[in-house]
Amino acid sequence: MEKELTNAKNRESNIELLRIVLILMIIMHHLIVHGCDLSLISTGDYQKTNKDALFLFLNTFTIIAVNCFVFISGFYGIKFKVKTLIAFVLQALFYSVSLYLLKCVIYDSPVSYSELRRSFFPITYVNWWFLNAYIALFIVSPIINKGLENISKKQTIILIILLFIIGGGYPLVGYNFYTQDGYSFFNLLIIYIIARYCHRYITEIKNILPVYLSVFLFSFIIIYTCFSQDRQLLTWRLMAYNCIWIIAAAALFFYLFKKIKIKNKLINKIAPLTFGIYLLHDSGIIKTTIMTFIKSMNSKIDNNFTMLGILLLTTLIIFSICACIEKIRQIIFKPVLNYISKKIDTYQIDT
């Protein structure tokens, strides 16, 4: 998520384009899972409709986006910087507090000081699970990078296999202490290590498009087959972040974009807005408003093509509005970050 790929002038536009596509996929995934109630599959309470194949197809495609974001970080390697960590915290703090106060204003409700206090600690209280897990990965990344540089290819493979054995049983046996259903630091750690391995030993994959399509279609067929046989709990587990083919599809999707040769300044300017778009659209009153709208549309529309159009259009509108807000926030916060950065540099020189 952070800008570790290269310096600002030489960021790879193909990977920046991938980041934009991934945030669009995440928005779509949230619309389907929360707005169209696909998350009810996890409890076995999902009511079947004639749009189930569409929702499952779209979710199988978009579920890889979070893993792919982490894969990008792992492939290029997180470069830990205090300034970047502070930027993460300030960004999360801004949206956490602002969205809570906005909710109080819109609903004309009194400020709860306990909730307000919690909003000032977005890193320790789980408002965005990915934020908490990713910051943990960001903090320990220097140790992980150093460790992986000093072990052999064989040792790295053994490490990955062991981590999969420890945390990969969820699709078959249910809740896993380490990875849960992939919403965890442990799962991000596994993907990061896989990506570091790929960076060192797998520069490209030949015939990447048919390989990716094969994995994607295999995943969808298995998922839809389980769903059609009323195995809702198993269906949900097979779409979990820590499912092996979901991780594999994320890695293959990355290699698809890695082959693209493109340089585009506009793409490079839009891509750094993606993390803010994630935070803004997936929390507080914004999330509630979006999901209420999609639930309403889903209950009124039976046609698959019309519903697909609504989902695509809503995704683009959310992306555009949130991107504009995040850009304004970045402009406002830039002097603050520059001041903090100078203080940090001064302290490091003095000490």
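K287 is partly exposed, with a relative accessible area of 25%. Its salt-bridge partner is D282, and the closest N and O atoms of the two are 3.7 Å apart. D282 is buried, at a relative accessible area of 10%. The cut-off for buried is under 20%, so D282 falls below it. This is a predicted model, and every value here is computed from it.

## Salt bridges

The count of salt bridges comes to seven.

| Pair | N to O distance |
|---|---|
| R19 and E16 | 3.1 Å |
| K295 and D37 | 2.4 Å |
| D282 and K287 | 3.7 Å |

Take R19 and E16. Both sit in helix 1, which covers residues 13-35. They are three residues apart, about one turn of the helix. Are they buried or exposed? R19 is buried, and E16 is buried too.

K295 and D37 also form a salt bridge, with their closest N and O atoms 2.4 Å apart. K295 belongs to helix 15 (residues 284-300), while D37 is in the loop between helix 1 and helix 2 (52-62), so this pair ties together parts that are 258 residues apart in sequence. K295 has 37% relative accessibility and therefore counts as partly exposed. D37 counts as partly exposed as well, at 26%.

## Helix 4

Helix 4 runs over residues 82-106 and has 25 residues. How far does helix 4 reach from its first C-alpha to its last? The span is 36 Å, close to the 36 Å expected at 1.5 Å a residue.

Which residues of helix 4 are buried? They are L85, F88, L90, Q91, A92, Y95, S96, V97, L99, Y100 and C104. After helix 4 comes D108, which has a positive phi, near 50°.

Helix 13 (265-270) and helix 16 (304-350) are the elements that give two or more residues to the positive patch. K334 is found in helix 16. Why does K334 count as exposed? Its relative accessibility is 53%, and the cut-off for exposed is over 50%.

The other patch is nonpolar. It is made of F57, L209, L213, L217 and I221. Together these residues have about 440 Å² of accessible area on the surface. Which helix gives the most to the nonpolar patch? Helix 10 does, with four residues; this helix spans residues 208-228. L217 has its place in helix 10. L217 is partly exposed, because its relative accessible area is 43%.

## A contact across the chain

L233 lies in helix 11, which covers residues 232-237. Its relative accessible area is 42%, so L233 is partly exposed. How far is the C-alpha of L233 from that of D45? The two C-alpha atoms are separated by 9.6 Å, although the residues are 188 apart along the chain.

Terms used
Residues numbered from 1 in each chain as written. Predicted model: local features only at pLDDT ≥ 70, side-chain atom pairs only at ≥ 80, totals over all residues. Heavy atoms only, no water. Expected span 1.5 Å × (residues − 1). Buried < 20%, exposed > 50% of the residue type's maximum accessible area, 1.4 Å probe, protein only. Patch = residues over 30% accessible without salt bridge, like charges linked within 9 Å, V, L, I, M, F, W, Y side chains within 5 Å. Areas by Shrake-Rupley, 256 points an atom, 1.4 Å probe, with all protein chains shown as cover. Salt bridge = Lys/Arg side-chain N within 4 Å of Asp/Glu carboxyl O.
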